Amino acid sequence: MAVASVAGLTLTASAASDVVGHLYVDDNTAGANTIGAFDRHSDGSITPMEGSPFAAGGAGTGTTVGSQGAVQLSSDGRYLLAVDAGSNQLSVLRVLPDGSLRPVGGGPVWSGGIEPVSIAVHGSLVYVANEGNKATGSGSNYTGFRLNPGGHLSPLSGSTFDLPSTANPGDILFNSTGTNLIGVEVGTTVASTFRIDSFVVGDDGRLTPAAGSPFAAQDAGPFGSEFSPANPAHLYVSNAHGGAGNGSVSAFNVTSGGTLSSIGSSPYPDGQTAPCWVEISYDGRYLFTVNTGSTTISSYGIRADGSLSYSSTTGFKSGAGIRPFDARLDPTGTKLYVVDAAIDKVSAFAVSGGTLSELAGSPFALPAGATPFGIAVS
């Protein structure tokens with residue numbers, strides 16, 4: 001059996017041929033930013049792709065950055081979009097047939113603000129959340145772009161929506177129809193800064209704030225968020241700053257006009273610390289939230305009316321002292337991958353309904369020098 005060495009790991013030919021998809025992580029490396037790229041195998045394991053890590057074109061910060069959605073695949077899967085938080089840019093890389101990456105000609109583009117942290121994509125429309133410069137209180141906003149068939153981003157004139165210096169955005173996302181867009185303001189320690197921005201997306205791609213937006217979050221530190229894949233009117237937001245053992249997830253109904261209203265007895269506690277990242281099964285029946293402070297993942301069932309029922313909490317084999325961040329399901333919904341910013345690795349779990357079990361061989365190492373955030377799975 002042939003044997004090959006890739007990035008310090010030994011792969012057999014049979015393992016190399018058993019590729020069912022790929023996984024990408026924004027390494028956020030100091031100076032020249034890179035994207036860690038992996039082949040995914042049928043057993044859920046991942047192995048570094050030949051040539052990985054790939055140059056993004058912009059610069060990372062080399063420091064830990066918390067947000068959801070720092071790297072995204074285009075709607076057709078042909079391009080990977082990544083934030084370059086250290087150079088205030090967005091990079092687009094072409095996804096080649098073998099999953100490897102090649103920068104699109106022209107290089108990264110300015111993000112429209114300072115320290116981009118999250119990307120939302122729907123068709124050709126792209127929005128980015130810029131966290132801004134905390135020292136100067138400037139550059140925090142949401143800014144729109146168009147992605148053309150060749151993979152080039154162009155700024156959407158009149159699309160920038162400025163945020164207050166206290167916003168500290170953590171996530172930006174479209175619903176499945178692309179008619180509504182949500183931005184989450186993690187805020188500071190002041191309750192009035194915990195907010196959720198809601199917009200109606202026009203045919204021209206520009207945003208109109210919903211009546212009543214921004215809406216008050218239901219608990220401290222709203223962070224990660226996701227619309228239900230099965231119901232574009234149901235939005236879920238994790239609440240990360242409630243303190244030890246006081247984590248929760250909020251459930252909202254979102255009207256076509258963007259108005260938010262609480263579902264059931266929301267927010268729904270999980271008894272954990274700092275739930276930050278949210279992922280929902282493709283059938284809309286289960287929600288997973290990564291509790292960074294507790295180094296666990298909580299599972300909820302999603303009822304037909306959108307309310308949540310806490311189910312269980314699963315620990316990581318790596319134990320305490322890690323820093324689990326963004327999470328993504330594979331296209332089959334049977335594997336969940338979580339990027340970790342403390343040990344620079346990716347943990348992988350088998351998914352059965354709302355039950356998680358960490359895979360053998362997990363966690364898997366990222367490239368040297370990574371300070372990762374953001375994960376995409378194909």
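## Terms and model

A polar contact is a pair of N or O atoms within 3.5 Å, where within protein one must be able to donate a hydrogen and the other to accept it, and residues adjacent in sequence count only if both atoms are side-chain atoms. This is a predicted model, in which local features need pLDDT of at least 70 and side-chain atom pairs count only at pLDDT 80 or more, while totals for chains, interfaces and linings use all residues. Residues are numbered from 1 along each chain as its sequence is written, and side-chain values use heavy atoms, with hydrogens and water left out.

## Surroundings of Asp26

Asp26 belongs to strand E3 (residues 19–26), strands being DSSP runs of at least two residues, numbered from the N terminus. A polar atom of the Asp26 side chain lies 3.0 Å from the backbone nitrogen of Asn28, and a polar contact of 3.1 Å joins the side chains of Asp26 and Asn33.

Asp26 is buried but has no salt bridge, and Arg328, the nearest side chain of opposite charge, is 12 Å away. Buried means under 20% relative accessible area, exposed over 50% and partly exposed in between, with a 1.4 Å probe and protein chains only; Lys and Arg count as positive and Asp and Glu as negative, whereas His and the chain ends are not counted.

## Salt bridges

The structure holds 6 salt bridges, each a side-chain nitrogen of Lys or Arg within 4 Å of a carboxyl oxygen of Asp or Glu. One of them joins Arg40 and Asp330 (3.6 Å, N to O), residues that stand 290 apart in the chain. Arg40 is buried, at 4% relative accessible area, and Asp330 is buried at 3%.

Technical notes: Helices (H or I, at least four residues) and strands (E, at least two) are DSSP runs, numbered from the N terminus.
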